[in-house]
Amino acid sequence: MKTVCVTGASGFIASWIVKFLLQRGYTVKASVRDLNDTKKTAHLLALDGARERLHLFKANLLEEGSFDAAIDGCEGVFHTASPFYHAVQDPQAELIDPALKGTLNVLGSCAKTSSVKKVVLTSSIAAVAYNGKPRTPDVVVDETWWSHPDFCREMKMWYVLSKTLAEEAAWKFVKEKGIDMVAINPAMVVGPLLQPTLNTSAAAILNLIKGAETFQNSTFGWVDVRDVANAHILAFENPSANGRYCLVESVKHYSEIVKLLRELYPGLKLPGKCADDEPFVPVYHVSKEKAKSLGLEFTPLEQSIKDTVESLKEKNFFNPSATL
């Protein structure tokens with residue numbers, strides 16, 4: 001079977017990509033920042049097939065050439081590494097540089113490696129839906145939409161800006177170098193965790209079930225991590241895959257996520273009111289047509305939310321009896 005590279009392999013989405021690739025018989029060269037950090041490596045090394053076909057490499061997004069060894073000899077590269085968190089002191093250093101420079105460093109290594117046939121970039125719906133255009137129930141967002149950097153700066157949406165600039169730069173680079181690339185643009189990703197650390201989207205669910213008084217007045221698209229990982233591999237394996245793929249099972253306001261949780265876990269103490277008195281941010285639609293053309297079937301959101309909670313319990317982030 002083929003040899004492929006996964007960058008940022010210890011992350012939430014990347015860990016599932018590695019798991020599914022190993023299941024399919026691929027040899028995986030996986031990059032992590034610190035080979036000695038067992039929190040980043042132990043769960044990967046424990047995967048079925050890892051002993052025979054998983055090779056770990058140290059690489060740093062901000063270091064040019066540091067991905068050369070991991071990418072050498074690979075037919076495909078899954079570039080998932082990019083920071084995602086909300087509380088930032090220095091957006092340029094913490095989010096924008098790693099996303100933008102990191103993407104160009106990885107693509108630079110791909111351009112030097114004749115074996116690379118295709119790159120699959122983990123982008124985000126963040127690079128699609130934030131341009132100041134209204135998003136209301138009659139609006140359908142699709143792959144032709146792009147977030148607008150000026151709007152992101154004005155609204156201080158630094159993560160959104162980081163993903164937008166990184167994807168824009170990636171398309172420009174691969175066009176110049178003649179590299180075949182596909183971008184995967186998932187919304188808020190939930191589902192079971194393979195890694196032992198808490199990721200940002202799972203933390204959003206954890207906050208709701210750990211006795212938060214209020215829920216935020218926000219509306220997001222939601223999608224299962226297993227579907228996102230699967231989409232990356234389908235995009236690599238399908239020769240006709242091209243351009244961008246928005247991945248959203250459904251768009252829900254936080255109040256609806258709370259309602260889902262209440263139906264699943266009636267005993268939990270869940271937030272009873274919104275964090276502000278403003279009208280709820282409206283829901284909108286995201287087209288599933290292109291994603292379905294890959295052969296992707298979406299996991300129902302209710303199942304994803306349930307699996308997230310069960311995983312948070314299993315990993316001891318949450319003890320239900322402590323909040324009852």
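These notebook entries record what I looked up on cavities, a pocket and helix packing in this predicted model.

**Entry 1. Cavity**

A search of the whole structure returned 1 cavity of 30 Å³ or more. I noted a volume of about 60 Å³ for the largest cavity.

I then listed the lining of the largest cavity. His79, Thr80, Ala81 and Ser82 belong to this lining, as do Ala99, Thr103, Leu121, Thr122 and Ser123, together with Lys163, Ala166 and Glu167. Sorted by class, I have 6 polar, 4 nonpolar and 2 charged residues in the lining of the largest cavity.

Which elements give two or more residues to that lining? I found α5 (91–111), β5 (118–122) and α7 (158–177). The most comes from α7, which supplies 3 residues.

**Entry 2. Helices α5 and α7**

As α5 and α7 both contribute to the cavity lining, I looked up how these two helices pack. Their axes come within 9 Å and cross at roughly 20°. An angle under 35 degrees counts as roughly parallel, and α5 and α7 are therefore roughly parallel to each other. I recorded the crossing of α5 past α7 as right-handed.

On the α5 side, the contact is made by Pro91, Leu95, Ile96, Ala99, Leu100, Thr103, Leu104, Leu107, Gly108 and Ala111. On the α7 side, I listed Trp158, Tyr159, Leu161, Ser162, Leu165, Ala166, Ala169, Ala170, Phe173, Val174 and Lys177. The contact of α5 with α7 comprises 17 nonpolar residues, 3 polar and 1 charged. I noted that Ala99, Thr103 and Ala166 take part in this contact and also line the largest cavity.

**Entry 3. Second largest pocket**

I next turned to open space. The second largest pocket has a volume of about 190 Å³. Its lining consists of 13 residues, and I noted Tyr130, Arg135, Met157, Thr219 and Val281 as those nearest the centre of the pocket. This lining contains 6 nonpolar, 5 polar and 2 charged residues.

**Entry 4. Helix α8 against α12**

I looked up helix α8 (residues 200–209) and helix α12 (residues 301–314), whose axes come within 10 Å and cross at roughly 80°. Angles of 65 to 115 degrees count as roughly perpendicular, which makes α8 roughly perpendicular to α12.

From α8, the residues Ala202, Ile205, Leu206 and Ile209 meet Ile305, Thr308, Val309 and Leu312 of α12.

**Entry 5. Helix α8 against α10**

I then examined α8 with helix α10 (residues 254–264). These helices pack at an angle of about 65°, and their axes are 11 Å apart. The crossing of α8 past α10 is right-handed.

Which residues make this contact? From α8 I listed Ala204, Ile205, Leu208 and Ile209, and from α10 Tyr254, Ile257, Val258 and Leu261. The contact of α8 with α10 has 8 nonpolar residues, no polar and no charged. I noted that Ile205 and Ile209 of α8 touch α10 and also meet α12.

Conventions. Residues numbered from 1 in each chain as written. Predicted model: local features only at pLDDT ≥ 70, side-chain atom pairs only at ≥ 80, totals over all residues. Heavy atoms only, no water. 1 Å grid on protein atoms, 1.4 Å probe; cavity = no way out; pocket = protein on both sides within 12 Å on 5 of 7 lines; lining within 4 Å. Points joined across faces, edges and corners; volume = space filled by probe spheres on them. Helix = DSSP H or I, 4+ residues; strand = E, 2+ residues; numbered from the N terminus. Nonpolar A, V, L, I, M, F, W, Y, C, P; charged D, E, K, R; others polar. Axes fitted to C-alpha atoms, helices over the stretch in contact; angles between N-to-C directions. Parallel < 35°, antiparallel > 145°, perpendicular 65-115°, else oblique. Left-handed = near helix turned anticlockwise from the far one by under 90°. Contact = heavy atoms within 4.5 Å.
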